[in-house]
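Q: Please take a close look at one part of this model. I would like the local picture in short steps.

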Amino acid sequence: MKTKHKLGATALALVLGTITGTAQAGSVYLTGHDVLLHSGQNSYDNVILNWLRGAGTGSEIAAANYDIAFVRGFSGGVGVVGVNTLEGFGTITTADIQSFADAAAFTAFLGGKDVLVIPDHTSCGGCDFLDADSAKLNSFAPEITSFFNAGGDIFGGSGASLATFYNFLPPGAVASGLPIGGSSGFVATAAGIAIGILPNMINGFPTHNRFTGFDPDFTVFETRPQTSGPDEVISIGIRDATIGGGGIGTGGGTVPEPATLALMGLGLAGLGATRRRKLANSANRHSSLS
């Protein structure tokens, strides 16, 4: 079983010269549904966040300690946390994506958070992100990579008709297909059923894009079967992955040499306070099990 180590820059600095083994980092869940616009779609949002936080695994972060960074788009009102949306977890910090003056400000926003939640493109119909909002988020791809490789997770909503929506991930990680219509015919895969996806979470709600290409390390959680041709892929995820070399994957790359780790620590200075509480909780949990 892979373990998810939520290490910020301070923790990296403490283990320079001593850490060995395999690097583990963040997790991603992407869906063509505009989940946030529909008040969580009968708790589909909770299923997604529970999977991202490692619920039921040895690396689980307690829901109450799982802190959310939520970026808003043009309206500041559509997709904002509300009744039955992103509830039952840790603190939720929201910010308008256009409010960040530079990369340092965005890094500071991510500091201490466990998951970055990204709402849906406006072409889904009433959703939150304009093209300019998505472009601004994508401009922070290096900062998102640093957050992810330090253990941060990503919950990405529907890209709808915007082909570049998921460009905050490296090229080749995922390709978004054309929008699709309809609110039914969606089926959870065996992996989707295993994490708690129920039919009423995905049917009765529209989906706005499919995934036509993605790294093979991604797991498919939801499809729309077709009478001819391959099934349409609606929701995918990857756990304990790293971004590097122009891609994303769970290949288990060797931890960098101490000098490289030192540079990583400097680059993640804005995340220095991240996850101390989570590391303490993890230590306590493992102590109680020993």
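Predicted model: local features only at pLDDT ≥ 70, side-chain atom pairs only at ≥ 80, totals over all residues.

Where is the place of His 33?

A: His 33 lies in a loop; the loop runs between strand E1 (26–31) and helix H2 (44–52). Is His 33 buried or exposed? His 33 counts as buried, because its relative accessibility is 0% and the cut-off for buried is under 20%. Now take its partner in space. Ser 158 sits 125 residues from His 33 in sequence. Even so, the C-alpha atoms of His 33 and Ser 158 are 5.5 Å apart.

Next, the disulfide. A search of the whole structure turns up one. The two cysteines are Cys 124 and Cys 127, with an S to S distance of 1.7 Å. A disulfide is a covalent bond between the sulfur atoms of two cysteines. The handedness comes from the torsion about the S-S bond: for Cys 124 and Cys 127 this is about 110°, so the disulfide is right-handed. Both ends can be checked for burial. Cys 124 has 9% relative accessibility and therefore counts as buried. Cys 127 is buried too, with a relative accessible area of 1%.

Last, helix H4, which spans residues 131–138. Its buried residues are Asp 133, Ser 134, Lys 136, Leu 137 and Asn 138.

Notes: Residues numbered from 1 in each chain as written. Heavy atoms only, no water. Disulfide = S-S within 2.5 Å. Buried < 20%, exposed > 50% of the residue type's maximum accessible area, 1.4 Å probe, protein only. Helix = DSSP H or I, 4+ residues; strand = E, 2+ residues; numbered from the N terminus.
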